[in-house]
Amino acid sequence: MQTNRVASGGRINRGNAVNFTFNGKAYQGFAGDTLAAALLANGVDIVGRSFKYGRPRGIVGHGAEEPNAIVQLGSGAQTVPNLRATQVELYEGLEAHSVGGWPSVDFDVREVLGFMGKMMPPGFYYKTFMRPQNLWHFYERWIRKAAGLGKAPLESDPDCYDKLNQNCDVLVVGAGPAGLAAASAAARAGARVIIADEQQEFGGSLLASQQQIDGQPAMSWVDERLAELGNNDNVMLLPRSTVFGYYDHNFLGILERRTDHLGISSPGQVRQRMHRVRAKQVVLATGAIERPLVFANNDLPGVMMASSVSTYLNRYGVAAGNNLVLFTTNDNAYQTAIDWHKAGRKVVKIVDSRPEPTGALVNTAREFGIDVMAGHVVVEAKGRRRVKGAMVAPLNDNASAVAGAAIRLDCDLLACSGGWSPAIHLSSHTGAKPQWNDELVGFVPGESKQQERSAGSAKGAYSLAGCLQQGDEAGREAARKAGLDGESTAASYQVDEQPQQPQQAMFLVPHAKSTSRAPVQFVDFQLDVTAAAIELAAREGYESVEHVKRYTAMGFGTDQGKLGNINGMAILARALGRGIPETGTTIFRPSYTPTTFGAIAGRDVADLFDPERYTAMQRWHQQQGAEFENVGQWKRPWYYPKPGETMHDAVNRECLAVRNSVGMLDASTLGKIDIQGPDAGEFLNRMYTNAYAKLAPGKCRYGLMLKEDGMIFDDGVTACLGPNHYLMFTTTGGAAAVLAWLELWQQTEWPELQVYFTSVTDHWATATVTGPNARKVIEKVCDDIDLSNEAFPFMDWRDATVAGVSARIFRISFTGELSLEVNVPAHHGRYVWEKLVEAGEEFGITPYGTETMHVLRAEKGFIIVGQDTDGSMTPADMGMNWVVSQKKEFSFIGKRSLSRSDMLREDRKQLVGLKTRDPQDVLPEGAQIVNQPEHAPPVPMQGHVTSSYYSANLGHSIALAVVKGGHKRMGETVYCPLADGRVIEAEIVSSIFYDPKGERQNV
Amino acid sequence: MLHIYCPFCREERDEEEFSYAGEAHIQRPLDPESLSDEEWGDYLFFRTNAKGIHHEMWYHIAGCRRYFNVTRDTLSYQILESYLISQQPGVRAKQTASAEQGEQPNAN
Ligand SMILES: [Zn+2]
């Protein structure tokens, strides 16, 4: 039963009934309702339970500011947590639950036991985190269960989201009177305009207004503006679109909800769009938020914002009660009592804190026979599950204390207005420092830091005429500054409006008892922050508003304290004996209201999350049943299991095949940079630790690249292709960074060197044929060069024809075996690969993956940059001084750092091999190394394991590790205590386990 | 997201196309071997960490792949100019204490 629905009026469609459930119970509303409006229409008082105390809470507001009516929609994959019921449009079948309340909103254990309040005094979070013993983990379980902050879906999101990049001359935020006037003015001047508003309909405050513009109802004026803007191709209208963040250089994010009003999910449609807008100019017409009054039990259901009472009545045809008491500090809120009276409901009293209110609206109310109690305040609301009465007491002359006994007014609705706070959130995102305005009793936007201006009530203009005029001016100014010089005459909108008297500042309503003894006076409803808590914070010595915010958690809710922050800061200021401007305000951050992750991600999910790179031989690997490993964006074969084989079996088989006959690796992913120019040799000489200037065509050289701090950055082989022409191989993961590094030095430090870099990684496919039979395989498919060791020695390369395809063959080795790396243009890659497989058949050629590659290189003690090094390792640490030239004239990058005092320490971590006492024990990579496992903690750390495998060729495990002073500790025993309690004993040995003289690659 | 003018592409592009490349105008010493550890350490590790006007290198990594200099206000993030590596900035920090007196940025 929609008991609170009035007979007529409102912007709802009474012919279209909509069924929905709330906390499992069925209700009915009308199309055009928000969930909050429909709940109020159905007389639902309690919509949630408070965070700390479990107190019953009702709907307070009607928009983004709502702190209490936080709901979770739907269930399963489609569930959406933490939505404000005041912003959820009703649709058929809507299913909503309160997020607060355990076990239910109608019975909450916290209220009965009061245990959360005792458990969480002010400063609870702060103290919990600051304690040496971190108690947070202990509390967290209980807090989460009781507080109910909404549940994230466990399934992946079935809906589809888009991201759009937009540009415009003028972005107008908010489509109330100021925003519409601004957009019209800017569009008339020829600007490309985007106007966005978070509500389903444009009009802002005019949607619930009884005022007239140009002699017509305000909404007719809105319709005119929309027709004008809608017919302009340069204007984009975005309803249901929240501008949630204002970022650097006039970049703003807009979340457009395209289907949320139709249902929980929308297969085949785009649910939400993220507009990423770069605007030349911005007009912030974001309106203002009414400020609550802080008095005892002000959180009872039935205590609402005055403007919200009017909005529900005028816009949704919902009277949120029967007998109204209006408590105000200003003229503006009198409209609520007038609206209520006109709707035929009873206004019990208007309680006005000002001693002599005589404004036009005040007089109108009096003419309707409404009784005004001037100089009085509501000190306390009475009731348990809903307000039943208001205790009203007179104020003393300076409004600092009550001056007499309180009387009780029976009522079931208590509308409150402490004036208005401009919605300065977006302005604040830009870094503009909010300015306190004594006359307006509020913070207004500070000096612009970006190309923006505020207009209308966002700037403190609370009259309709003022909003229209400021909007028009702001729109024209924005267009002009965006470079448009079209028509710029001021629009003239006529409004019949009477002046209002100043409001009274009232941040904490006095009570006969002190703040700490009076019944709780709530400042922040969502996080249950009371006036007493803020005063306590001040007594405990907190002075900065940012610290008090953290101490009390004020403003930390999902509503960011939209309602409560100003009162809280003012109460703090008074407790500190300071003014509000000196106390300052907290800074609002994006997002204005919570933003869905789906919209932030857009289409960049699942397969489109990150590009995948494949080599030319990918299909072949797949056909062979390879398991793949991600190396950066590359998919590389990891190992090729045969039916029934475990990974361990497959890797052992592949390792043995390479050392005993021949194996083949797809090495196409290695970075390849083509380097040319008359100074290419000199440039390489400067970048590498060893000498390159004299590298002759046909020759290759392995080099280390350091950062200027002397630490190993990348390694690889560079071949001289011809005079002034080189091909640099980098690690697979380091390719992009190396190219950037080369370009940095060439462009910024040595522009006089003529040298050019081109990434050719994807141009070539590489098949590494390696093992004692490698030459025999190549001989079968290549007969135009002499492949003998004498004619084509280790570390040479040759142009050759392989299987009829022009190729480069490099005799370089990462396995320690005879190796021939065949490079062909990528489009021939798979063909040549298959020809090599065919040729190798008689030798049992075995494709192997990255795991076998790792084991084989570790047997040889070859490092992998980024695995055995971590950006703090020098060539000397790795035992690689053989690759560092001391003779080069030019001080290569990183050289000077190698002689800094810290580099000469004897106890630096150095690369060694580890042989476990039990040859079958394979140490976990990352295991910590200590000298004495029985040492009392903290145990001095000696280093850690960087690479570790089982070596089938050697019949025991092998590990590489970095150990303090390790090079001089050969034969010593060290210990690796593991997380599972085991301690593995190992001997420090040479990092070269296999073929220590390096003879096998030279055959 | 910053909007950065690339002097090679001659247009303003989104920050996503660029990568930051550290403070500008730090020249590599011509003879590193002649420097003391301390002097070399100054070159390697010490940066002005300016509050206010700052000259820094940006790299149009997803565009023309050229490095260039930018003068940026580290308080407002306003970019005052883009110029070539070989050029000197047109905008410089005032040599007064005023640059030191910026407001405390608010943590949140
Ligand atoms: Zn560019």
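Visitor: Is B:Cys9 buried, exposed or partly exposed?
Guide: B:Cys9 has 32% relative accessibility, so it counts as partly exposed. Buried means under 20% relative accessible area, exposed over 50%, and partly exposed in between (1.4 Å probe, protein chains only). This is a predicted model: local features need pLDDT of at least 70 and side-chain atom pairs pLDDT 80 or more, while totals for chains, interfaces and linings use all residues. Residues are numbered from 1 along each chain as its sequence is written, chains are lettered from A and ligands numbered from 1 in the order written, and side-chain values use heavy atoms, without hydrogens and water.

Visitor: Which protein donors does the zinc ion have?
Guide: B:Cys6 (SG), B:Cys9 (SG), B:His60 (ND1) and B:Cys64 (SG), at 2.0 to 2.3 Å. Donors are N, O and S atoms within 2.8 Å of the metal (3.2 Å for Na, K and Ca); water is not among the atoms, so sites may look incomplete.

Visitor: What spacing do they follow?
Guide: C-x2-C-x50-H-x3-C along the chain. B:Cys9 and B:Cys64 are 55 residues apart and link distant parts of the chain.

Visitor: Why is the arrangement tetrahedral?
Guide: Because the 4 donor atoms subtend angles of 106 to 116 degrees; four donors count as tetrahedral if all angles lie between 85 and 135 degrees.

Visitor: Switching to chain A. How many residues of strand β36 are buried?
Guide: 11 of the 11 residues in β36 (712–722). Strands are DSSP runs (E, at least two residues), numbered from the N terminus.

Visitor: What does β36(A) pair with?
Guide: β35(A) (700–706), antiparallel over 7 bridges, and β37(A) (725–730), antiparallel with 4 bridges. Two strands pair if DSSP finds at least two bridges between them.

Conventions:
Four donors count as tetrahedral if all angles lie between 85 and 135 degrees; four count as square planar and six as octahedral if opposite donors are over 155 degrees apart and all others between 65 and 115; anything else is irregular.
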